[in-house]
Structure formats: C-alpha cells, structure tokens
Amino acid sequence: LPPLAQKPLSLCAPSEDGVASARPPALKAGEDETRYIVIDSAERLCSMDAALLPVLLRIAQLSARNVCTILVSSAARQTFEPFLTARPALRLHFPPYSRIAIARILAHDASSNPARAEEYTEIAKVALNVFWGQCRALPELRQVAWQLCEAADHDPAVSSAAREKDSVKLFRALRPALRQASSSSSSSA
C-alpha cells in the first residue's frame with residue numbers, strides 16, 4: 001500500500017493542519033482503498049500532547065479518506081476510554097507466543113547473516129533453553145540471543161561448538177556470556 005503521508009507528520013503539533021498535510025494526492029475514481037495506521041505501544045500516546053490521540057482516532061474524518069487507526073497496547077482498555085467517544089473500540093486478544101514460535105522467530109533473526117545462520121540458530125536455542133523459565137518476552141529473548149551471538153563472534157570455541165551442534169559444549173562455552181546476559185537482564189528489570 002502507498003504511504004498515507006508524502007512527508008512525515010510532526011508529533012509536536014498534532015492538529016487539523018497536520019492532518020491536512022497528510023492527505024495523499026487526489027485519488028482517481030474507485031481508488032478509495034483503506035489505509036492503516038498501526039501504533040504499537042499505544043499507551044505511550046496518553047502521556048504525549050493531549051490532542052494527538054484524539055486526532056489519530058479521528059483521522060479518517062479529518063482527512064476525508066478511508067483510514068483505519070489500530071492501537072496495539074498491553075494497557076487496559078480503560079486507559080483509552082476518554083478518547084473513544086465517537087465509536088466503540090473493537091478489542092482483539094492475541095495470545096502470547098509459544099516456545100516453538102519464539103524459537104522460529106529467533107532462528108529467522110539468525111538467518112539475517114546467511115554465512116553464520118546455523119551457528120546463530122544453535123546459540124538462539126541455548127538462549128531460549130536457559131531463559132525461557134524466567135522470561136517469555138520476545139524483545140528480551142532477542143536481546144539475549146544477540147548478546148550471545150556477539151560472544152560467538154569473538155570466541156572461536158563458541159563458534160566451533162555451535163557449528164558442531166554440540167549443545168553441552170556450546171552451553172559450557174557460552175557460560176560467561178550467559179552469566180553476563182543474565183546479570184544485565186536482571187538489572188534492567
């Protein structure tokens with residue numbers, strides 16, 4: 001889909017002028033396709049300029065275009081109630097990732113470096129095995145996996161154990177990096 005705006009909107013001055021500047025060029029007949037604005041961690045909008053969230057929720061009306069605003073949030077619906085005066089919000093529940101799904105995501109992340117994809121996949125498996133009981137949040141598991149992959153880049157013992165797919169040897173080689181990742185993840189919580 002083409003982007004809604006030709007130039008980025010300023011978050012400092014959310015107003016009808018900003019919405020008007022976001023209007024795409026004139027559409028040809030029959031080209032009124034739906035455009036989507038997806039905002040992750042939408043609860044952060046509540047602490048920004050008081051006009052920002054209402055403008056985003058009314059952007060279809062203000063821009064005279066077929067625009068759907070999707071707020072992705074882990075906050076309670078009551079957080080957004082004051083802003084939902086025009087229409088009721090549709091609440092969708094997305095179940096948390098399973099262990100298998102997270103393993104696939106971490107393996108996919110590892111494939112960004114094709115030359116070392118197998119090594120990184122094995123390292124990601126170790127990270128998942130070690131930290132799954134304490135943390136099931138994908139961003140944190142990704143961070144830990146990448147910290148361990150960084151350790152593999154600097155330690156030939158880790159790289160060779162990962163290439164051999166020897167999980168016990170790999171775990172032993174990663175032990176210092178695992179301790180460091182564990183201490184950094186517990187201190188950031």
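Start by selecting Lys125 and Glu122: their side chains meet in a salt bridge, 3.3 Å from N to O. A salt bridge here is a side-chain nitrogen of Lys or Arg within 4 Å of a carboxyl oxygen of Asp or Glu. Side chains of opposite charge can pair when their charged atoms come close.

The model is predicted: local features need pLDDT of at least 70, side-chain atom pairs count only at pLDDT 80 or more, and totals for chains, interfaces and linings use all residues. Residues are numbered from 1 along each chain as its sequence is written, and side-chain values use heavy atoms, with hydrogens and water left out.

**Stay on helix 5**

Lys125 and Glu122 are three residues apart in helix 5, so about one helical turn separates them. Helices (H or I, at least four residues) and strands (E, at least two) are DSSP runs, numbered from the N terminus.

Colour the pair by accessibility. Lys125 is partly exposed, at 43% relative accessibility. Glu122 is buried, at 11% relative accessible area. Buried means under 20% relative accessible area, exposed over 50%, and partly exposed in between (1.4 Å probe, protein chains only).

Now show what surrounds Glu122. Leaving out residues up to four places away in sequence, Glu122 touches Ala162, Lys165 and Leu170. A contact means heavy atoms within 4.5 Å.

Select the whole of helix 5, residues 117–131. Eleven of its 15 residues are buried, so the rest of the structure largely encloses it. Among the buried ones are Tyr120, Ile123, Leu128 and Phe131.

**Move into the core**

Select Ile123. Beyond four places in sequence, Ile123 touches Ala145, Leu148, Cys149, Ala152, Val158, Ala162, Leu170 and Leu174.

Next, pick Ile102, Ile123, Leu148, Val158, Leu170 and Leu174. These have the most contacts inside the largest nonpolar core, which has 29 residues. A nonpolar core is a set of buried Ala, Val, Leu, Ile, Met, Phe, Trp, Tyr and Cys residues joined through side-chain atoms within 4.5 Å. Helix 4 (99–110), helix 5 (117–131), helix 6 (138–154), helix 7 (156–164) and helix 8 (167–188) each supply at least two of its residues. Helix 6 gives the largest share, eight residues.

A second, separate core has eleven residues, including Ile37, Ile39, Leu45 and Leu53.

**Cross from helix 6 to helix 4**

Select Arg142 and Asp109. They form a salt bridge, with the closest N and O atoms 2.6 Å apart. Arg142 lies in helix 6 and Asp109 in helix 4, so the pair ties together parts that are 33 residues apart in sequence. Arg142 is partly exposed at 33% relative accessibility, whereas Asp109 is buried at 15%. The salt-bridge count comes to two.

Select Tyr36, Val38, Ile70 and Val72. They make a nonpolar surface patch of about 350 Å². Patches use residues with over 30% relative accessible area and no salt bridge; like charges are joined within 9 Å, and nonpolar side chains (Val, Leu, Ile, Met, Phe, Trp, Tyr) within 5 Å. Tyr36 sits in strand 1, residues 35–39, and is partly exposed at 49% relative accessibility.

**Zoom out**

Of the 189 residues, 31% count as buried.

Key: Accessible areas come from the Shrake-Rupley method with a 1.4 Å probe; for residues, only the protein chains shown count as cover.
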